[in-house]
Amino acid sequence: MAEKYETSIFTRQELKSARMKGQVKGWIQGAASTFLLVFLLNFLGWIPAILVLAGIGFVGYKIFKAGKNSAE
């Protein structure tokens with residue numbers, strides 16, 4: 001079978017490489033965000049941080065819920 005399809009512009013090796021790079025980038029971003037969250041919680045303390053996150057979640061829920069109701 002050909003390495004390159006007639007209708008494609010990328011080879012299988014290029015797709016495999018891009019997929020692997022994307023996965024590695026995602027793992028790095030996830031690790032960095034987790035580290036920053038833990039650092040923030042240690043810096044501020046757990047209770048204020050949880051209250052702020054709960055407030056952000058509540059506001060986000062209200063915004064998305066209101067958007068769904070107005071579309072109906």
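Reply: Happy to! The protein chain exposes about 6,800 Å², an area from the Shrake-Rupley method with a 1.4 Å probe, where for residues only the protein chains shown count as cover. Carbon and sulfur atoms supply 71% of that area. This is a predicted model, where local features need pLDDT of at least 70, side-chain atom pairs count only at pLDDT 80 or more, and totals for chains, interfaces and linings use all residues. Residues are numbered from 1 along each chain as its sequence is written, and side-chain values use heavy atoms, leaving out hydrogens and water.

Me: How many helices and strands does the protein chain have?

Reply: There are two helices and zero strands. Both terms mean DSSP runs, numbered from the N terminus: helices are H or I with at least four residues, strands E with at least two.

Me: How do you know that the span of helix H1 agrees with its 33 residues?

Reply: The expected span is 1.5 Å times one less than the number of residues. For H1 (residues 12-44) that should be 48 Å, and the end C-alpha atoms are 48 Å apart, so the two agree.

Me: What follows H1?

Reply: Gly-45 does, with a positive phi near 100°.

Me: Why is Phe-43 called exposed?

Reply: Exposed means over 50% relative accessible area, buried under 20%, and partly exposed in between (1.4 Å probe, protein chains only). Phe-43, which sits in helix H1, has 66%, so Phe-43 is exposed.
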